[in-house]
Amino acid sequence: SWFSLQSQLSQALNGLSDRAKEAKEFLVQLRNMVQQIQENSVEFEACLVAQCDALIDALNRRKAQLLSRVNKEHEHKLKVVRDQISHCTVKLRQTTGLMEYCLEVIKENDPSGFLQISDALIRRVHLTEDQWGKGTLTPRMTTDFDLNLDNAPLLQSIHQLDFVQMKVSSPVPAPPILQLEECCTHNNSATLSWKQPPLSTVQVEGYILELDDGNGGQFREVYVGKETMCTVDGLHFNSTYSARVKAFNKSGVSPYSKTLVLQTSEDTQSEEQTLPFPVPLERSQLRRMSPFSSTLNLQPSFSGRSYFELRSSAHQLSLHSSLQSLNSAGELSTSGVASLVFAWFSFDPSSAHADIIFSNDNLTVTCNSYDDRVVLGKTGFSKGLHYWELSIDRYDNHPDPAFGVARIDVLKDAMLGKDDKAWAMYVDNNRSWFMHNNSHTNRTEGGITKGATVGVLLDLTRRTLTFSINEDQQGPVAFENLEGLFFPAVSLNRNVQVRARSG
């Protein structure tokens, strides 16, 4: 009947309507996937660029070391040959002089005079001839450089460099990474912080932190748990400790992280420690200065008193950046050695805009958005002289990133310098401007390209901020009368990738 057919059609339409609704939801899902693929592509590209840049930096450092060895060999060869030239020239001059004198004596017509000196002259001639013995006229140095660079294994490794599956095949966790910027000693306590590698997807149930006895002895467990930060109290005063951490899950225990060396306080009276300059590279990494941020969560802490004798101290030493960077520019201590403290910092994910993408241990940043977003350094400066550089690793379609300093509460969703809490230079491929509180000043010719280096010089002794591009000062002194606490700052969009170089 008509009513029956109408009911069947209505039911069929209901089913079709459900499919249409599902299709609409599926289309939304697909469109979201398009957006997610774009965002993941930017993030993955940023990570890839950072990894390759790290390899390039390592290769450049090795190239410089090898060139230094070649130059030393060059100087050594030249010195040996020049010394031989000088020695041979003197001997030849003496020999020629003796020959000329003997020829004049032979011409002499006085037999009695000749007889008096002939024996002595003959002996002297023979002695001089003997001095030109075997080997005297043989070069002491070859012109060849017996230094062969075996680059075949490295080239093979480069050719084999390829992507691997994101999913780790082994169920055992990867070694944790110690976060240097958050590891430090304070008085006779040490705080260690760590994380899993960025691409690791293996579930971790907990971590085991180990320290030695401060005297190169055996490692012992001082913390077992799920936290990724631990404070160990009661360490020996004026001692050097080694620390390492490993992860575990039901399948087993990971290899250890790299071993970190921590130096506890050695002076109960001083408020800050400085190092003579220059600092050996292997030690400078252990002496980065920074008080903790008041908002940094150090819990849970572990007493450690069952392992270490409790001693007192009132000194703070950190492995990362510094509120006290340089005592003063070029000022000499009473010993005649420049007293300097170096500041290292990385970018701070906790205070950055959500669109900022981090890689390379938070030293490299880019952005998901076409709008400008702000990211700050982890360290604030209130006095001293500070200089850092920012390498432009990607620069597409002529954006105008901004570089400078800012307060901690600066606007994060606008170009740096738009409010009164940032002092910046923004720059495109042709020119730059200084900006503070949305006021643009000092347009200067000269821009940036991929590979350029922007330098920031914050002099809180003179209270000035100055910028450079590729080591040449860009414009006049940008800002004066600066006072307070300033954080390194950058604003950029997805067309720019920046890498920080501090210390």
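Visitor: Where does N470 lie?
Guide: This is a predicted model, in which local features need pLDDT of at least 70, side-chain atom pairs count only at pLDDT 80 or more, and totals for chains, interfaces and linings use all residues. Residues are numbered from 1 along each chain as its sequence is written, and side-chain values use heavy atoms, leaving out hydrogens and water. Strands (DSSP runs of E, at least two residues) are numbered from the N terminus. On that numbering, N470 sits in the loop between β22 and β23 (472-473).

Visitor: Is N470 buried, partly exposed or exposed?
Guide: Here we use relative accessible area (1.4 Å probe, protein chains only): under 20% is buried, over 50% is exposed, and in between is partly exposed. N470 has 44% relative accessibility, so the residue counts as partly exposed.

Visitor: And which class does E471 belong to?
Guide: E471 is also placed in the loop between β22 and β23. Because its relative accessibility is 68%, E471 counts as exposed.

Visitor: What are the phi values of N470 and E471?
Guide: Both deserve a look at the backbone. For N470, a residue other than glycine, phi is positive, near 55°. E471 is likewise not a glycine, and its positive phi is near 75°.

Visitor: Which residues have the most contacts inside the largest nonpolar core?
Guide: A nonpolar core is a set of buried Ala, Val, Leu, Ile, Met, Phe, Trp, Tyr and Cys residues joined through side-chain atoms within 4.5 Å. The largest one has 36 residues, and those with the most contacts inside it are L390, L458 and L465.

Visitor: Which element gives the largest share of this core?
Guide: Elements giving two or more residues to the core include β16 (385-395), β21 (453-459) and β22 (464-469). The largest share is four residues, and it comes from β16.
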